[in-house]
Protein chains: 2
Amino acid sequence: MSSRLKDVAARAGVSVRTVSNVVSGSASVAPETRERVQEAIDELGYRPNLAARSLRAGRTGIIGLAIPELHSPYFGELAGLLVQEAQRRSWTVIIDQTGGDADAERRLLARGGGRVVDGLIISPWAMDPAELAATAPAVPLVLLGERSPQGAADRVAVDNVTAADEATGHLISLGRRRIAAIGLQPHLHNGTARLRAEGYRRALDRAGLPRLPEAQRTVAALHRADGARAMAELLDGPTAPDAVFAFSDELALGALHVAHERGLRVPEDLAIVGFDDIEDGRYSHPPLTTIAPDKQQIAERSLQCLADRIYSPGNAVPPQELTVPHRLIRRGTT
Amino acid sequence: MSSRLKDVAARAGVSVRTVSNVVSGSASVAPETRERVQEAIDELGYRPNLAARSLRAGRTGIIGLAIPELHSPYFGELAGLLVQEAQRRSWTVIIDQTGGDADAERRLLARGGGRVVDGLIISPWAMDPAELAATAPAVPLVLLGERSPQGAADRVAVDNVTAADEATGHLISLGRRRIAAIGLQPHLHNGTARLRAEGYRRALDRAGLPRLPEAQRTVAALHRADGARAMAELLDGPTAPDAVFAFSDELALGALHVAHERGLRVPEDLAIVGFDDIEDGRYSHPPLTTIAPDKQQIAERSLQCLADRIYSPGNAVPPQELTVPHRLIRRGTT
DNA sequence: GAAGGGTATTGCAACGTTGCATTCAACGAT
DNA sequence: ATCGTTGAATGCAACGTTGCAATACCCTTC
């Protein structure tokens with residue numbers, strides 16, 4: 001059933017080493033020998049044993065990708081791009097779902113040391129960045145979207161503060177004055193929400209608009225349901241907003257849903273800006289204005305970082321902070 | 001940097017084998033020895049080398065999952081469930097994106113023989129089922145949603161014909177008479193679209209409604225854009241439909257989008273039923289009526305199949321065809 | 001005090017592959 | 001004819017782990 005170099009060698013009447021040479025193509029092999037070996041390989045259906053290869057080479061050709069949720073459109077799209085980009089480099093991707101669970105993230109880092117993977121791309125969510133830095137695994141690490149504390153690892157992200165500032169500024173420029181924010185997550189160590197909140201406040205301050213605490217809504221997660229809940233709370237509150245900046249497109253879509261339910265016209269009565277540029281947002285009714293991070297670049301540069309560290313561990317540069325571009329895409333909700 | 005059993009053994013002053021015993025916990029070790037070894041492990045930060053373990057054990061603890069697109073909500077949600085379920089069984093999942101590309105699917109099956117993976121779950125798309133059966137890899141295989149030709153592998157799917165029949169029947173029961181179908185894919189070997197079309201036609205026949213060729217729209221892919229295009233063609237055609245059965249929720253959402261654009265009221269002027277029950281559909285405006293496959297069961301039973309074949313290759317039963325339940329979820333579009 | 005049974009520890013070998021060094025043959029140049 | 005060079009094929013060893021079998025030791029029992 002499972003044939004080895006040895007079996008092929010026996011069948012072709014050559015040594016194990018020669019078969020290995022044919023398979024790898026590294027050394028020179030006489031044409032007729034090569035042909036004979038190839039025949040034996042085909043007949044036996046030989047496939048190299050990657051565990052043995054990895055053991056020998058000290059590398060697996062596998063990288064790990066850890067994201068909170070695969071089923072969320074943003075991470076789904078990003079994972080798709082990363083896998084695609086990894087294939088280009090003939091890497092295989094192991095995907096892990098941490099589910100916003102700190103334990104799962106810890107387990108993952110621990111396994112990173114187990115050297116199943118040559119490198120790790122992680123989008124931290126629940127784990128304390130300081131702990132993350134301390135537990136740094138035995139393999140090269142790239143952080144997505146999270147500022148690592150003392151530069152423990154390479155990091156790829158958009159400029160969240162500026163992006164949120166732009167989103168809010170866009171609403172202000174449309175004449176909106178009661179601008180709510182949906183998506184604060186003070187309970188999580190993940191800094192993304194904090195940065196976006198900072199950008200939101202900065203834009204308000206610059207325009208001389210008051211920061212209303214009740215207009216800044218905390219959410220448990222970034223799903224549509226959370227956005228819907230927050231929107232309902234806002235509309236039931238003392239001062240209904242005339243615009244909303246949601247920290248993710250999913251939140252925005254949830255908010256949009258509630259706005260429709262309540263009979264509000266979008267964007268006339270309520271303008272909405274999201275964040276992520278997921279595909280759904282292009283097909284919502286009306287289509288969603290959003291901040292679009294350059295996901296393709298996130299994927300490319302993350303893998304570039306990993307490749308540099310995996311293949312040239314010698315000339316290790318200090319951890320880098322890479323900022324990928326973003327842009328405001330104006331659609332129907334503003 | 002990378003410590004081995006040998007290093008730990010040297011430090012703790014015991015043999016390599018004893019360290020291995022401590023790590024695996026299989027044999028009995030004296031408490032004080034265990035403690036001494038554990039200290040050495042902690043100090044050196046020892047992590048087992050999984051390549052070596054796999055080589056020894058003949059198993060990797062990794063299973064492969066091949067889906068056409070990670071970024072599509074349906075596959076994203078399904079992948080999430082599968083990964084979660086795999087974690088429960090302490091398996092790691094490698095995800096591969098075939099992109100509806102037959103070559104990618106072939107490459108994957110070939111690699112399956114490379115024994116990086118102990119088993120493979122594949123959602124075939126572009127590959128000819130007959131070829132798929134012929135190329136059966138060296139590892140256990142589970143097919144998602146595809147009827148394998150001569151029962152070459154286990155298969156997990158919903159009853160597509162019946163489900164499509166129910167969806168169409170639902171529209172008929174609402175009094176609709178000009179019911180279009182969006183999602184035919186005669187160019188693909190993937191049988192899913194064909195089965196859903198069959199169910200659609202069966203329902204029409206039973207109700208004595210004519211099968212209008214121009215009401216059965218072919219699509220290139222199952223995305224919103226394809227649904228939008230097909231809907232536009234239908235509305236520009238000679239007889240505008242009063243209902244649409246879309247073979248996926250994404251198609252349905254694209255169609256819904258165009259319906260809004262054209263000023264049609266949904267469901268009054270146009271009723272829509274989708275297929276998949278993706279999360280977006282619950283938050284569209286109005287929420288989407290759809291056929292919901294039991295994704296949790298798809299995940300559970302696929303992995304159960306794999307586990308059976310991986311751990312008990314001896315008592316190999318013939319390939320099974322598992323049908324998972326589905327149900328019609330009525331929401332706002334009908 | 002010898003025999004028997006259990007516990008704790010160990011050495012050897014093997015999983016399948018590839019790097020290194022070596023061998024052997026053939027050929028062209030001197 | 002001899003030497004050096006190149007091409008082709010090979011054997012040995014090692015990657016880090018664990019199964020198997022063997023050993024050494026202590027304790028109980030008659």
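Is B:Leu322 buried, exposed or partly exposed, and how many other C-beta atoms lie within 10 Å? Please bear in mind throughout that the model is predicted.

B:Leu322 belongs to strand β11 of chain B, which covers residues 321–324. The count is 15 other C-beta atoms within 10 Å, so B:Leu322 is partly exposed. Neighbours within four places in sequence aside, the contacts of B:Leu322 are B:Arg155, B:Val156 and B:Arg301. For B:Arg301, the separation along the chain is 21 residues, and the two C-alpha atoms are separated by 8.0 Å.

Compare a residue from strand β4 of chain B, residues 141–144, where B:Leu143 is found. B:Leu143 has 25 C-beta neighbours inside 10 Å and therefore counts as buried; the threshold for that class is 20 or more. B:Leu143 and B:Glu321 lie 178 residues apart in sequence, yet their C-alpha atoms are 9.5 Å apart in space.

Let me turn to chain A. Its secondary structure consists of 13 helices and twelve strands. The chain has 334 residues, and 51% of them are buried. If one takes the contacts in chain A between residues at least 6 apart in sequence, 70% join residues at least 24 apart.

A:Val142 gives a local view of this chain. This residue sits in strand β4 of chain A, residues 141–144. Because 26 other C-beta atoms lie within 10 Å, A:Val142 is buried. With neighbours within four places in sequence left out, A:Val142 is in contact with A:Ile121, A:Ala153, A:Asp154 and A:Val156, and also with A:Ser302, A:Cys305 and A:Leu306. A:Gln320 is 178 residues from A:Val142 in sequence, with 9.5 Å between the C-alpha atoms.

Next, the nonpolar core. The largest one holds 162 residues, and A:Ala255 and B:Ala255 touch the most other members. Again leaving aside neighbours within four places in sequence, A:Ala255 is in contact with A:Ile182, A:Gly227, A:Ala228, A:Ala230, A:Met231, A:Val244, A:Ala246 and A:Ile272.

I come now to a helix pair in chain A. Two packed helices are described by the angle between their axes and the distance between the axes. For helix α1 of chain A, residues 5–12, and helix α2 of chain A, residues 16–24, the axes come within 8 Å and cross at roughly 105°. α1(A) and α2(A) are therefore roughly perpendicular to each other, since the band for that description runs from 65 to 115 degrees. From α1(A), the contact draws on A:Leu5, A:Lys6, A:Val8, A:Ala9 and A:Ala12, while α2(A) contributes A:Val16, A:Val19 and A:Ser20. Sorted by class, the residues of this contact are six nonpolar, one polar and one charged.

How do the two chains meet? Chain B gives 39 residues to the contact and chain A gives 39 residues. On the side of chain B that touches chain A, at least two residues each come from α4 (50–57), α5 (73–88), β2 (92–97), α11 (249–261) and α12 (279–282) of chain B. The largest share, seven residues, is that of α5(B). By class, this side of chain B divides into 16 nonpolar, 16 polar and seven charged residues.

Finally, the DNA. Around DNA strand C there are 26 residues, of which A:Leu5, A:Ala52, B:Thr18, B:Ser28 and B:Thr33 come nearest. Two or more residues of the surface near DNA strand C are given by α2 and α4 of chain A and by α2 and α4 of chain B. α2(A) gives the most to that surface, with five residues. The residues near DNA strand C comprise eleven nonpolar, nine polar and six charged.

DNA strand D is surrounded by 25 residues, and the closest are A:Ser15, A:Ser28, A:Thr33, B:Leu5 and B:Ala52. The elements that give two or more residues here are α2 and α4 (50–57) of chain A, along with α2 (16–24) and α4 of chain B. For the surface near DNA strand D, α2(B) gives the most, with five residues. This surface divides into ten nonpolar, nine polar and six charged residues.

Definitions and conventions. Residues are numbered from 1 along each chain as its sequence is written. Chains are lettered from A and ligands numbered from 1 in the order in which they are written. This is a predicted model: local features need pLDDT of at least 70, side-chain atom pairs count only at pLDDT 80 or more; totals for chains, interfaces and linings use all residues. Two residues are in contact if their C-beta atoms, placed from the backbone, lie within 7 Å. Helices (H or I, at least four residues) and strands (E, at least two) are DSSP runs, numbered from the N terminus. Ala, Val, Leu, Ile, Met, Phe, Trp, Tyr, Cys and Pro count as nonpolar, Asp, Glu, Lys and Arg as charged, and the others, Gly among them, as polar. Axes are lines fitted to C-alpha atoms, for helices over the stretch in contact, and angles run from 0 to 180 degrees between N-to-C directions. Angles under 35 degrees count as roughly parallel, over 145 as roughly antiparallel, 65 to 115 as roughly perpendicular and the rest as oblique. A residue is near a molecule or strand if its C-beta atom, placed from the backbone, lies within 6 Å of it. A nonpolar core is a set of buried Ala, Val, Leu, Ile, Met, Phe, Trp, Tyr and Cys residues joined through C-beta atoms within 7 Å. A residue is buried if 20 or more other C-beta atoms lie within 10 Å of its own, exposed if 12 or fewer, and partly exposed in between; C-beta atoms are placed from the backbone.
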